[in-house]
Amino acid sequence: MADLSELLQQAMRRRHLNAQALAARTGIRTPRIRVFAQDGAHGPVQPTPAELAELAAALALHLPEVLDAAGTPQAAPSA
């Protein structure tokens, strides 16, 4: 299982994006993305589920993979 910071760094490198470019695609502030890429999900700033979903979409990653890397339990679909 990859850590969120590793997953983000690899995906950003693969897509040739820096934190500022990813912020422009997602609407997440650049400093938050830098912290997520450096410290992962368990650093001083923790990503919200909505931010994780935005990052997954912007980086063409599967949401369950991102949630797993962040250590976030996947919510069961509501009926």
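**Figure 1. Threonine 26 in helix α2.** Threonine 26 lies in helix α2, where helices (H or I, at least four residues) and strands (E, at least two) are DSSP runs numbered from the N terminus. The relative accessible area of threonine 26 is 12%, and the residue is therefore buried; buried denotes under 20% relative accessible area, exposed over 50%, and partly exposed the range in between, with a 1.4 Å probe and protein chains only. Not counting residues up to four places away in sequence, threonine 26 touches Ile33, Glu54, Leu55 and Ala58, a contact being heavy atoms within 4.5 Å. This is a predicted model, in which local features need pLDDT of at least 70 and side-chain atom pairs count only at pLDDT 80 or more, while totals for chains, interfaces and linings use all residues. Residues are numbered from 1 along each chain as its sequence is written, and side-chain values use heavy atoms, with hydrogens and water left out.

**Figure 2. The protein as a whole.** Along the principal axes, the C-alpha atoms fill a box of roughly 35 × 20 × 20 Å. Of the 79 residues, 41% are buried. Among contacts between residues at least 6 apart in sequence, 56% join residues at least 24 apart. The accessible surface comes to about 4,900 Å², of which carbon and sulfur atoms contribute 51%; areas come from the Shrake-Rupley method with a 1.4 Å probe, and for residues only the protein chains shown count as cover.

**Figure 3. Model confidence.** The mean pLDDT of the protein is 91, and 91% of its residues reach 70 or more; pLDDT is the predictor's confidence in each residue, from 0 to 100. Confidence is lowest in helix α5 (residues 63–70), at a mean of 95, and highest in helix α2 (residues 19–26), at 97.

**Figure 4. The buried residues of helix α4.** In helix α4 (residues 49–58), the buried residues are Glu51, Leu52, Leu55, Ala56 and Ala58. They pack against α1 (4–14), α2, α3 (30–39) and α5. An α-helix has 3.6 residues a turn, so residues three or four places apart point the same way.

**Figure 5. Phenylalanine 36 and its surroundings.** Phenylalanine 36 is placed in helix α3 and is buried, with a relative accessible area of 0%. Leaving aside neighbours within four places in sequence, phenylalanine 36 is in contact with Ser5, Leu8, Ile28, Val45, Gln46, Pro47, Glu51 and Leu55. The C-alpha atoms of phenylalanine 36 and glutamate 51 are separated by 10 Å, the two residues being 15 apart along the chain.

**Figure 6. Serine 5 in helix α1.** Serine 5 belongs to helix α1 and is buried, at a relative accessible area of 10%. Beyond residues up to four places away in sequence, serine 5 touches Phe36, Ala37, Gln38, Asp39 and Gly40.

**Figure 7. The loop between α4 and α5.** This loop holds alanine 60 and leucine 61. Alanine 60, which follows α4, has a positive phi, near 55°, in a residue other than glycine. Alanine 60 is exposed, at 52% relative accessibility, whereas leucine 61 is buried, with a relative accessible area of 13%. Leucine 61 touches Leu7, Ala11, Arg14, Ala56 and Val66, not counting residues up to four places away in sequence. Leucine 61 and leucine 8 are 53 residues apart in sequence and 9.5 Å apart in space, C-alpha to C-alpha.

Figure 8. Although histidine 16 is not a glycine, its phi is positive, about 55°. With 73% relative accessibility, histidine 16 counts as exposed.
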